[in-house]
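Work through the exercises below with the model at hand, and try each task before reading its solution.

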Amino acid sequence: MTSAQTEGLIAMLTVFAMLVLLILPSVIGIVHDKRVDRQIRKAREYRTAHGVTRTV
């Protein structure tokens, strides 16, 4: 592997790492939102199945 190829590989890996760092927070947020939505859906199903009324 020549010096130019090594530099090209390092540059490509650096760009890929930066892309991952930019996308990672969005992916974590999406996963978190889906988990919260699932919890809300389960709570709503439980309330309707057991006749629980809303308390204030």
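Buried means under 20% relative accessible area, exposed over 50%, and partly exposed in between, with a 1.4 Å probe and protein chains only as cover. This is a predicted model, in which local features need pLDDT of at least 70 and side-chain atom pairs count only at pLDDT 80 or more, while totals for chains, interfaces and linings use all residues. Residues are numbered from 1 along each chain as its sequence is written, and side-chain values use heavy atoms, with hydrogens and water left out.

**Exercise 1.** Classify Gly8 and Val31 as buried, partly exposed or exposed.

Solution. Gly8 has a relative accessible area of 38%, and is therefore partly exposed. Val31 reaches 53%, so this residue is exposed. For the chain as a whole, buried residues make up 0% of the 56 residues.

**Exercise 2.** Determine whether the span of helix α1 agrees or disagrees with its number of residues.

Solution. Helices (H or I, at least four residues) and strands (E, at least two) are DSSP runs, numbered from the N terminus; the chain has 1 helix and 0 strands, and α1 covers residues 3-50. The expected span is 1.5 Å times one less than the number of residues. The 48 residues of α1 should therefore span 70 Å, and the end C-alpha atoms are 69 Å apart, which agrees.

**Exercise 3.** Locate the bend in α1.

Solution. A bend at a residue is the angle between axes fitted to the seven residues ending there and the seven starting there. In α1 the bend is about 30 degrees and lies at Ile23, with the proline Pro25 following within four residues. The C-alpha atoms of Gly8 and Pro25, 17 residues apart along the chain, are separated by 27 Å. After α1 comes Gly51, whose phi is positive, near 65 degrees.

**Exercise 4.** Compare the radius of gyration of the chain with that of a compact globule.

Solution. The radius is taken over C-alpha atoms, and the globule rule is 2.2 Å times the number of residues to the power 0.38. For 56 residues a compact globule would have a value near 10 Å, but the chain has 23 Å. Along the principal axes, the C-alpha atoms fill a box of roughly 70 × 20 × 5 Å.
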